[in-house]
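User: Hi, could you walk me through this structure? I'm new to this, so please take it slowly.
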Amino acid sequence: MPKNQDSNSGWLPTLSVFFALLVTPLGVAGQNIGLGIALLILSAWTVKDRGRSLSIAIKSSAAQQFMILWCLFTLPIIFASISHGAYDDATRFFMGYLFSGFFVIAALSLRSAMISRIFLLNTGSILIGVMGFIAASQMFFGWKFEGVRIADQIKRAQGFYSHPLTFAYAALVVMPWCFARVFAKPRQWQSWLVACGMTSILVATQSVTVLCISAATIGVLMLKLLGKKQIVITAVVAALLLAISVSVPNPLQQKFNMVLTGQRSDHETPYPDDRMAFWHAHWEMIKDSPWLGHGTGLESDDRRPYYERIGLGHLKRMYEAHNMYLQAAVEGGIISCLSLIAFLAWWFIRLKNNLPTDRWHRLAMMATPVAFALGGMTQNAIQDSEVRYTLLLVCAISLWFSRDHVKVSS
């Protein structure tokens, strides 16, 4: 921290991060409101700091590299939309991705601030614990929020988001940190709170893809962070829980059976999984416009000719790609797709080379872009606003830690 900085100025940056963190479980409107408050608070701190920290952040290699990759991902989509006359869609897309730069620049500018990590750690831990309780209650009782009232729904958790998969993929971003923490610091109450809360969310959202990726990630973290006896004990407990879940009828078991047998109630195509039909149709779209793309805001009518081309013009669900890489290529061409891959690879490499020596924290942060990259193969993950908010917030936090002189002790 610079000597000429007020030692009591940490409460403004802490409050700014607190609001950005607090609204993460909310939908788009709530996140935008929280982000607006966080921006106002951070602006006040920047004025007090006379812009010194902001200037350093903007000039940093991390900020410049991120912005180049992010612009290469987003600008082709905006240009493609404008070229197809979809000016309103281009404007909405721009506004929906605008906050990304704020997160990263803010995190890098806060490196010189005195931030209460313990306060933010406890806030994040309690949030995950509360959302885990909400997820469990939604799975058992089948409820959701519709505006200001509680409505009935299928017994599958979606938190305060619009869909269970949105909840699942937002959780996937935080999942590695939750389990790495409990393996590395089992004596802290926050560790068990986040691990139990995250387990509840993963089970209650019932996303087979997210559960499989989480299981693989947890297995790797176990091998890296636990001793041999601890691995054996954890594996035995996991095997017992798995045996119980398989032997006792439950919604998650039924979901796995449907996926494995291909007997989904909404299955419409001759493909083993309807996602393959979505991928095929979108591959045809890419072939028609591989460099410029078709722009954002595409509807079923825009996709219909391509579903008809592959003999599926009768489908009721002419859905998006269900693959964030294909979706990026459809909207902005090959450059957008490659830039998205490059962003995730850059994030991983930067963390590998610049994170502090705290091993569990390093492994958790490095696992995050890998898990998300895998998850994006079956969903339009980054295209979902709530998921993107969570992803970029975690990315910003990881960049905040990615400096040699920071000791991650919490």
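User: Where is T209 found?
Analyst: T209 is found in helix α10, which covers residues 208–225. Please keep in mind that this is a predicted model.

User: What does T209 touch, leaving out residues up to four places away in sequence?
Analyst: Once those sequence neighbours are set aside, T209 touches Y169, G375 and T378.

User: And how far is the C-alpha atom of T209 from that of Q379?
Analyst: Although T209 and Q379 are 170 residues apart along the chain, their C-alpha atoms are separated by 9.3 Å.

User: Ok, zooming out, how many helices and strands does the protein have?
Analyst: The protein has 17 helices and two strands, and buried residues make up 54% of its 410 residues.

User: Let's look at helix packing. How do α2 and α6 cross?
Analyst: Helix α2, residues 28–48, and helix α6, residues 99–109, have axes that come within 12 Å and cross at roughly 40 degrees. Angles under 35 degrees would count as roughly parallel, and α2 and α6 are therefore oblique to each other. The crossing of α2 and α6 is left-handed.

User: Which residues make that contact?
Analyst: On the α2 side they are L35, A38, L39, L42 and W45, while α6 contributes F99, F102, F103, A106 and S109. By class, the residues of the contact of α2 with α6 divide into nine nonpolar, one polar and no charged.

User: What about α6 and α17, at what angle do they pack?
Analyst: α6 and α17 pack at an angle of about 20 degrees, and their axes are 8 Å apart. That angle makes α6 roughly parallel to α17, and the crossing of α6 and α17 is right-handed.

User: Which residues are in that one?
Analyst: From α6 the contact is made by F99, S100, F103, V104, A107 and L108, and from α17 by R388, Y389, L392, L393, A396, L399 and W400. The contact of α6 with α17 has eleven nonpolar residues, one polar and one charged.

User: Is α17 mostly covered or mostly open?
Analyst: α17 is mostly covered, since 16 of its 17 residues are buried.

User: And what span should α17 have?
Analyst: At 1.5 Å a residue, the 17 residues of α17, numbered 385–401, should span 24 Å, and this agrees with its end C-alpha atoms, which are 24 Å apart.

User: New topic: what is the phi of H322?
Analyst: H322 has a positive phi of about 55 degrees, although it is not a glycine. H322 has its place in the loop between α14, residues 300–309, and α15, residues 324–354.

User: Is H322 buried or exposed, and why?
Analyst: H322 is buried, because its relative accessible area is 14%, and under 20% counts as buried.

User: What is H322 in contact with?
Analyst: Leaving aside neighbours within four places in sequence, H322 is in contact with R275, F278, W279, M377, T378, Q379 and N380.

User: And R50, what is its phi?
Analyst: R50 has a positive phi of about 60 degrees, although it is not a glycine. R50 is found in the loop between α2 and α3, the latter being residues 52–59.

User: Buried or exposed, for R50?
Analyst: R50 is exposed, with a relative accessible area of 72%, whereas H322 is buried at 14%.

Notes
Residues are numbered from 1 along each chain as its sequence is written. This is a predicted model: local features need pLDDT of at least 70, side-chain atom pairs count only at pLDDT 80 or more; totals for chains, interfaces and linings use all residues. Side-chain values use heavy atoms; hydrogens and water are left out. Axes are lines fitted to C-alpha atoms, for helices over the stretch in contact, and angles run from 0 to 180 degrees between N-to-C directions. Helices (H or I, at least four residues) and strands (E, at least two) are DSSP runs, numbered from the N terminus. Angles under 35 degrees count as roughly parallel, over 145 as roughly antiparallel, 65 to 115 as roughly perpendicular and the rest as oblique. A crossing is left-handed if the near helix is turned anticlockwise from the far one by less than a right angle, and right-handed if clockwise. Contact means heavy atoms within 4.5 Å. Ala, Val, Leu, Ile, Met, Phe, Trp, Tyr, Cys and Pro count as nonpolar, Asp, Glu, Lys and Arg as charged, and the others, Gly among them, as polar. The expected span of a helix is 1.5 Å times one less than its number of residues. Buried means under 20% relative accessible area, exposed over 50%, partly exposed in between (1.4 Å probe, protein chains only).
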